[in-house]
Amino acid sequence: HRDITEAMELAATAEFLRLGGQASDIVRLQAPGAFEIPLLIDTALARAGIAAAVAIGCIVRGETRHDRHLGQAVTSELARISVTRGKPVGLAVLTVENLKQARARAGGEVGNKGAEAMTAALAASALPTGAPSAFEKHIDTLSACCVYAIGAQLTATHAFINRAPSI
């Protein structure tokens, strides 16, 4: 569902820029699927320079109950990581019945959950918890098909991290 996650990623990035982020701070990470998002989010948030994360993905109902188990596992783990790390995780992992519902939430009539998740992550990272604002530190954006880190200074030891060109 790359078209869905790309639409949400573009909206999340646009929201970051609209709110004062810099395009040069965008780093793109790869993830094979939604199940791997929590591991990548946790790895990113473990770094001192990361203030928040946005998880972007799309889980569409299939013939079995697998989608429900996957969606529950991913969202529960993202919430646990956020609380454990003390850093916000914006949630833009769609769990939908069909692609029509996904498109409606990726820039269609329901809005764009990528932009909403970025707004939420930035707002939560700016709360008076003693942590610096997201713009003083960094934001990571992670996606089921692609993982986007904004402003992260990441080492070459993480094979899944690739610096993306500026927008």
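The side chains of Glu116 and Lys113 meet in a salt bridge, with 3.1 Å from N to O. A salt bridge here is a side-chain nitrogen of Lys or Arg within 4 Å of a carboxyl oxygen of Asp or Glu. Both residues lie in helix H5, 3 residues apart, about one turn of the helix. Glu116 is partly exposed at 40% relative accessibility, and Lys113 is partly exposed at 24%. Buried stands for under 20% relative accessible area, exposed for over 50%, and partly exposed for what is in between, with a 1.4 Å probe and protein chains only.

This is a predicted model, in which local features need pLDDT of at least 70 and side-chain atom pairs count only at pLDDT 80 or more, while totals for chains, interfaces and linings use all residues. Residues are numbered from 1 along each chain as its sequence is written, and side-chain values use heavy atoms, with hydrogens and water left out.

The protein has 5 helices and 8 strands. Helices (H or I, at least four residues) and strands (E, at least two) are DSSP runs, numbered from the N terminus. Along the sequence their pattern is α-β-α-β-α-β-α-β-β-α-β-β-β. Of the 167 residues in the protein, 44% are buried. A contact means heavy atoms within 4.5 Å; among the contacts with a separation of 6 or more, 75% are between residues 24 or more positions apart. The accessible surface, from the Shrake-Rupley method with a 1.4 Å probe and, for residues, only the protein chains shown as cover, comes to about 8100 Å². Carbon and sulfur atoms account for 56% of that surface.

In soluble globular proteins, nonpolar side chains tend to be buried together. A nonpolar core is a set of buried Ala, Val, Leu, Ile, Met, Phe, Trp, Tyr and Cys residues joined through side-chain atoms within 4.5 Å. The largest one in this protein has 17 residues, and Ile4, Met8 and Leu94 have the most contacts inside it. At least two residues of this core come from each of helix H1 (2-18), strand E2 (52-60), strand E3 (89-96) and helix H5 (113-125). A second, separate core has 14 residues, including Ala34, Ile41, Leu45 and Ile81.

Asn112 is in strand E5 (residues 111-112) and is buried, with a relative accessible area of 13%. Not counting residues up to four places away in sequence, Asn112 touches Ala7, Met8, Ala11, Arg105, Ala106 and Gly107. A polar atom of the Asn112 side chain lies 2.8 Å from the backbone nitrogen of Gly114.

Glu15 lies in helix H1 and counts as buried at 12% relative accessibility. Its side chain makes a polar contact with the side chain of Arg18 at 2.8 Å. A polar contact is a pair of N or O atoms within 3.5 Å; within protein, one must be able to donate a hydrogen and the other to accept it, and residues adjacent in sequence count only if both atoms are side-chain atoms. Leaving aside residues up to four places away in sequence, Glu15 touches Ala115, Met118 and Thr119.

Arg61 is in the loop between E2 and helix H3 (66-85) and is partly exposed, with a relative accessible area of 40%. The side chain of Arg61 makes a polar contact with the side chain of Glu97 at 2.9 Å. Arg61 and Asn98 are 37 residues apart in sequence and 6.5 Å apart in space, C-alpha to C-alpha.

The count of salt bridges comes to 7. One of them joins the side chains of Arg85 and Asp42 (2.8 Å, N to O). Arg85 lies in helix H3 and Asp42 in helix H2, so this pair ties together parts that are 43 residues apart in sequence. In another, the side chains of Arg2 and Glu6 meet at 3.1 Å, N to O. Arg2 and Glu6 are separated by about one helical turn because they are 4 residues apart in helix H1.
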